[in-house]
Amino acid sequence: MIFTLLLASFFSFSQELSAYLTHERVKMGEPVELNLKVKLPDNSSISFEPYDKEIPAVIKKEDSQVSQNKVTVEIIGDFFDTTKRIGNQITWVGHYSIVAWDTGKVVLPAQKIMVNDSTYYFEEVSFTVMSETIGVQDELFDIEEGFADIPGEQTFLQLLKDYWYVAGGIVLVLAG
């Protein structure tokens, strides 16, 4: 009986954490929103320290559980959060606007939040970045290649054309 009462009180006063992205697949350079959400009972205090300019992440291969390489995801705006109250429940929501510049399945780590002096973690989230780019990165430029003319064998007419003044001088000396 006491166990059931404790279990019921735990679930009725526990917080509900969720992390989600606005897109599961994006093009390289396309912004995506990362949202963190906590539902709490009334009179709860929250402490959260957001990342500043970058979020550390890893790229995973689809067929492997092991991370392949560490990357960073760029934060392209200020982190902002809001608190809403509905009845006796508080909902805290934090927003990041991020951009990934590496292709593959990008996995963002679980982020820490303090609620009433207890530490909790949001679940890690992932999204796939495709190699297609958007915007200025798509501009195409011509490849400028340098070529050098390789002189071939010169004929008598080409020599006369290139050195006409020498031939003219010889004719004047012989005529005079």
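**Exercises on a predicted chain**

Helix α3 (residues 164-175) has 12 residues, which at 1.5 Å a residue should span 16 Å, and its end C-alpha atoms are 16 Å apart, which agrees. The expected span is 1.5 Å times one less than the number of residues. Helices (H or I, at least four residues) and strands (E, at least two) are DSSP runs numbered from the N terminus.

The model is predicted: local features need pLDDT of at least 70 and side-chain atom pairs count only at pLDDT 80 or more, while totals for chains, interfaces and linings use all residues. Residues are numbered from 1 along each chain as its sequence is written, and side-chain values use heavy atoms, with hydrogens and water left out.

**Exercise 1.** Determine how far helix α3 and strand β5 are covered.

*Solution.* Step 1: apply the cut-offs, with buried meaning under 20% relative accessible area, exposed over 50%, and partly exposed in between (1.4 Å probe, protein chains only). Step 2: in α3 the count of buried residues among its 12 residues is zero, and the helix is hardly covered. Step 3: in β5 (residues 54-60), five of the seven residues are buried, so this strand is largely enclosed by the rest of the structure. Step 4: for the whole chain, buried residues make up 26% of the 176 residues.

**Exercise 2.** Describe the surroundings of S44.

*Solution.* Step 1: locate S44 in the loop between β3 (32-41) and β4 (46-47). Step 2: S44 has a relative accessible area of 17% and is buried. Step 3: leaving aside neighbours within four places in sequence, S44 is in contact (heavy atoms within 4.5 Å) with I90 and N116. Step 4: the side chains of S44 and N116 make a polar contact at 3.5 Å. Such a contact is a pair of N or O atoms within 3.5 Å; within protein, one must be able to donate a hydrogen and the other to accept it, and residues adjacent in sequence count only if both atoms are side-chain atoms. Step 5: a polar atom of the S44 side chain also lies 2.7 Å from the backbone oxygen of P41.
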